[in-house]
Amino acid sequence: MINELLFMNGYAAYVLSAFSFTLFSFLGLYLVTKMQFVKEQKKFVAKFGSLTSEQANSAKSQRINKEILSSATNN
Amino acid sequence: MFKLFEPNKIFKITSRAPRYVLFLFVVVLTVGLVEALVISPEDYKQSDAVRIMYVHVPAAWISLGIFSSMTLLSICGFVFKNKNFFLISKSLAPSGFVFNIIALVTGSIWGKPTWGTWWAWDARITSMLILALFYAMYLIVWRIYDKEEKVYKISTFITILGIINVPIIKYSVDWWNTLHQPASINILSKSSIHSSMLYPLLIMTAAFALFSLLIFLMKYNTELIKIKNKGLDRL
C-alpha cells in the first residue's frame, strides 16, 4: 500500500508536487500573516507602555484596547 | 444592524476564534488528505493524476468565491458608507490571491500528464490568470495609497471590473472549445461525479474554506490593531 501511495501508477511526482505546493503555500501565508499580527500587537503594547497614566486610562476606556492588551499577554 | 458587527464589539470573538478555526482546519485537512491520497479511487482514464483535482478544484472555487465576496463587500461599503466592509474585503484578499495562484500552479502540474503541456492559452486558464492580476492590483492599491477615500474608490473599481471576469471563468468551458471539461458538479441538477470522488472533494473544500477563514480572521485582527495603533498616536 505504501508503494502504491508513493508510486501512484507513475503519477506520484505530479500529485505529490501539487499537494506539496498547496501545503507550503498554506504554511507560508499562515506564517506571514501571523508575523504581521504579532508585529502590530507588539507595536501596540510598546505604544501603550509609553502613554502617560491619564492617556492610558483614556485608552483603556475602549474595550477593544483592553482586549488587544489581554490577547497580547496571552500569546 | 451594522452596529452589532462593529469592530470594537466583535474583536473579542475575532481575536479568540483563530485558535479554534486552526484546530478544526488541521482535523478536516487531515481527513481530507487521507481521503484524497489514499481512500478515493483512481480515475479510469486519468489514473492517479486525478488526485490533483482535490487541491486544484477547491482552490479555484474558493478564489472565485472570495473575489465575488470582495466585490459585494466593496459595493456595500460604498452604499452604506461603512468602512468595516472595506476592511473585511481587504482582509479576504490575501487568501483569495494565494488560492488563485494554487489553482494556476496545480492546474499547470495537472496539465502535463493529462494534456501533455504545462500551459495552454485556454479560455479558462487565461481568465484565471486575469483574475490573479485583478487580485494583485487590488492588493497593490492598498499598499501604495495612503488616503483611505482614494483606496476605497480604486479598490472597488478594480473589484467591479474583475467581477466581469468571474462568469467568464465559470462559463468559458461552455462558451468556447477549451481543454477543460464541462462542470462535473452542479448544485441545481445531478452531478456527474461519483460519490467516492465527490466526498473527498467536499471535505478538501471545507478544509480550504476553514483555512481562508483562519487567514481572514488573523488579517482582520491585524488591521484592527493597526487602526488602534494610529488611534494611540493621536492621544
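Okay, let's start with a pair of helices: α2(A) and helix α3 (residues 83-115) of chain B pack at an angle of about 165°, with their axes 9 Å apart. That makes α2(A) roughly antiparallel to α3(B), the word used for angles over 145 degrees. Axes here are lines fitted to C-alpha atoms, for helices over the stretch in contact, with angles running from 0 to 180 degrees between N-to-C directions.

Quick housekeeping. This is a predicted model: local features need pLDDT of at least 70, side-chain atom pairs count only at pLDDT 80 or more, and totals for chains, interfaces and linings use all residues. Residues are numbered from 1 along each chain as its sequence is written, while chains are lettered from A and ligands numbered from 1 in the order in which they are written. Helices are DSSP runs (H or I, at least four residues), numbered from the N terminus.

Back to our pair. Which residues make the contact? From α2(A) they include A:Tyr14, A:Phe21 and A:Leu29, and from α3(B) they include B:Val98, B:Ile102 and B:Trp110. Contact means C-beta atoms, placed from the backbone, within 7 Å. By class, this helix contact has twelve nonpolar, six polar and one charged residues. Nonpolar covers Ala, Val, Leu, Ile, Met, Phe, Trp, Tyr, Cys and Pro, charged covers Asp, Glu, Lys and Arg, and the others, Gly among them, are polar.

Now the whole chain-to-chain contact. It takes 36 residues from chain A and 39 residues from chain B. On the chain A side, α2 (12-49), α3 (53-60) and α4 (63-74) each supply at least two residues. The largest share of that side, 21 residues, comes from α2(A).

Next, the core. The largest nonpolar core has 68 residues, and B:Ile52, B:Ala59, B:Phe99 and B:Met204 have the most contacts inside it. A core is a set of buried Ala, Val, Leu, Ile, Met, Phe, Trp, Tyr and Cys residues joined through C-beta atoms within 7 Å. α7(B) gives the most to this core, with 15 residues. As for B:Ile52, leaving out residues up to four places away in sequence, B:Ile52 touches A:Tyr14, A:Val15, A:Ala18, B:Thr106, B:Ile109 and B:Trp110.

Last, a loop residue. B:Ser47 sits between α1 and α2 of chain B, and its phi is near 55°, a positive value in a residue other than glycine. Buried, exposed or partly exposed? B:Ser47 is partly exposed, with 15 other C-beta atoms within 10 Å; 20 or more would be buried, 12 or fewer exposed.

Technical notes. Contact = placed C-beta atoms within 7 Å. Parallel < 35°, antiparallel > 145°, perpendicular 65-115°, else oblique.
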